[in-house]
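This briefing goes through one protein model with its ligands, topic by topic. Please keep the sequence and the structure in view while reading.

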Amino acid sequence: MKNIALIGCGAIGSSVLELLSGDTRLQVGWVLVPEITPAVRETAARLAPQAQLLQALPGDAVPDLLVECAGHAAIEEHVLPALARGIPAVIASIGALSAPGMAERVQAAAEAGKTQAQLLSGAIGGIDALAAARVGGLDTVLYTGRKPPKAWSGTPAEQVCDLDGLTEAFCIFEGSAREAAQLYPKNANVAATLSLAGLGLDKTMVRLFADPAVQENVHQVEARGAFGAMELTMRGKPLAANPKTSALTVYSVVRAVLNNVAPLAI
Ligand SMILES: NC(=O)C1=CN([C@@H]2O[C@H](COP(=O)(O)OP(=O)(O)OC[C@H]3O[C@@H](n4cnc5c(N)ncnc54)[C@H](OP(=O)(O)O)[C@@H]3O)[C@@H](O)[C@H]2O)C=CC1
Ligand SMILES: O=C([O-])CC(=O)C(=O)O
């Protein structure tokens with residue numbers, strides 16, 4: 001039985017626990033959160049009663065897999081030290097790798113620990129195709145992210161428009177994936193994922209819209225290169241617990257965990 005350490009127990013983490021509970025091939029042995037709140041206690045008691053609730057992984061704990069679904073800060077705090085100790089990790093907060101030197105640090109920690117960090121596809125599809133297309137050479141990759149105005153609350157979008165008063169789509173950001181991921185750490189992980197699979201953080205162009213006409217989180221990708229062309233639209237249903245996050249992100253985490261225990265992985 002594989003023993004999992006889960007970082008974060010919010011909208012994604014609690015849904016992941018729900019979907020994994022009852023699978024006899026694995027158990028969640030640790031849940032790492034900044035504060036052990038009554039809500040976290042209740043969720044863990046219901047869905048992972050065997051788990052230790054902690055703020056950091058103990059030095060003598062050796063999970064088979066570390067699963068990050070917490071936020072950008074968790075990469076520095078939990079993922080880098082675990083990788084360096086040889087614990088493999090799957091990462092949802094991919095935008096964290098847009099910080100100067102962070103992608104290199106993740107790589108170096110995994111190399112030092114002789115293990116691997118896997119960047120999850122999260123809310124976006126087509127990462128396999130884009131990463132394969134990169135081998136032949138890519139010319140352009142454009143990502144357009146479109147979410148309902150409430151998904152942009154508490155972000156710099158509030159400084160460029162009146163989110164509650166929007167009557168039509170408003171472009172809140174246009175620039176590189178690196179800049180998008182830094183400015184919108186809870187909304188532009190997809191931009192970072194596409195760029196790390198494809199043309200890189202500085203050459204992948206990004207437009208972000210607050211759009212009162214959409215109910216879903218809409219992700220569009222247009223890519224061209226030696227392989228031909230790719231056009232992709234995803235209309236992700238947001239999680240009730242967090243309108244910034246699409247449900248597909250949860251399924252992507254669960255898929256990665258199950259691929260770790262399944263005899264046939266896809
Ligand atoms: N790749 C992708 O496509 C996507 C990636 N994401 C990433 O996933 C992250 C989590 O999303 P979601 O679950 O919706 O967010 P929530 O805010 O609902 O939950 C975040 C959880 O992580 C905990 N947390 C925050 N900081 C840390 C830390 N440094 N160490 C450990 N735990 C921490 C929070 O605890 P507390 O409540 O006490 O702060 C909370 O339990 C996002 O911030 C984003 O980076 C999200 C959507 C798509
Ligand atoms: O969940 C989504 O739709 C995408 C998201 O928040 C992100 O890219 O950070």
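**Ligand 2**

An oxygen atom of ligand 2 lies 3.2 Å from a polar backbone atom of N187. The model is predicted.

- On its own ligand 2 exposes 270 Å², of which the protein buries 96%.

**Ligand 1**

- Ligand 1 is surrounded by 28 residues, with A11, A92, S93, N242 and T245 the closest.
- Polar backbone atoms lie by its oxygen atoms: C9 has one at 3.0 Å from an oxygen atom of ligand 1, G10 has one at 3.2 Å, and A123 has one at 2.9 Å.

**The parallel sheet and its helices**

- Six strands make an open sheet with parallel pairing, in the order β3-β2-β1-β4-β5-β6.
- At its edges are β3 (52-54) and β6, each of which pairs on one side only.
- On average, neighbouring strands of this sheet are turned by 25° against each other, direction ignored.
- Within this sheet, β1 and β2 run parallel and are joined by 6 bridges; L6 stands opposite V31 in β2.
- Helix α9 packs on the sheet, where it touches β1, β2, β4, β5 and β6, and its direction makes about 175° with that of β4.
- Helix α3 (residues 73-84) lies across β1, β2, β4 (65-68), β5 (89-91) and β6, and runs at about 165° to β4.

- Which residues of helix α1 (residues 11-20) are buried? They are A11, I12, G13, V16, L17 and L20.
- An α-helix has 3.6 residues a turn, so residues three or four places apart point the same way.
- The cover over the buried residues of α1 includes β1 (2-7), β2 (26-32), α2 (38-47), β12 (238-239), β13 (242-246) and α9 (247-261).
- A11, one of the buried residues of α1, is also among the residues closest to ligand 1.
- Just after α1, G22 has a positive phi of about 95°.
- β12 and β13, both part of the cover over α1, form a hairpin with 2 residues between them.
- The strands β12 and β13 run antiparallel and are joined by 2 bridges; L239 has N242 in β13 as its bridge partner.
- N242 is also listed among the residues closest to ligand 1.

- A second open sheet has 5 strands in the order β8-β9-β7-β10-β11, with mixed pairing.
- Its edge strands are β8 (170-176) and β11 (228-236), and each pairs on one side only.
- Neighbouring strands here are turned by 10° against each other on average, direction ignored.
- β8 pairs with strand β9 (residues 205-210) in the antiparallel sense over 6 bridges, and F173 stands opposite L208 in β9.
- Helix α5 (residues 127-136) lies across β7, β10 (217-225) and β11, and runs at about 160° to β7.

- R146 belongs to strand β7 (residues 138-147).
- Is R146 buried or exposed? With a relative accessible area of 19%, R146 is buried, the cut-off being under 20%.
- The side chains of R146 and D211 make a polar contact at 3.1 Å.
- Leaving out residues up to four places away in sequence, R146 touches A169, F209, D211, V214, E216, N217, V218 and Q220.
- K114 lies in the loop between α4 (102-112) and β6 (117-119).
- The phi of K114 is near 50°, a positive value in a residue other than glycine.
- Most residues other than glycine have a negative phi.
- K114 counts as exposed because its relative accessibility is 78%, and exposed means over 50%.

Conventions
Residues numbered from 1 in each chain as written. Chains lettered and ligands numbered in written order. Predicted model: local features only at pLDDT ≥ 70, side-chain atom pairs only at ≥ 80, totals over all residues. Heavy atoms only, no water. Buried < 20%, exposed > 50% of the residue type's maximum accessible area, 1.4 Å probe, protein only. Helix = DSSP H or I, 4+ residues; strand = E, 2+ residues; numbered from the N terminus. Contact = heavy atoms within 4.5 Å. Polar contact = N/O pair within 3.5 Å; in protein donor to acceptor, adjacent residues only side chain to side chain. Pairing = 2+ DSSP bridges. Axes fitted to C-alpha atoms, helices over the stretch in contact; angles between N-to-C directions. Areas by Shrake-Rupley, 256 points an atom, 1.4 Å probe, with all protein chains shown as cover. Near = heavy atom within 4 Å.
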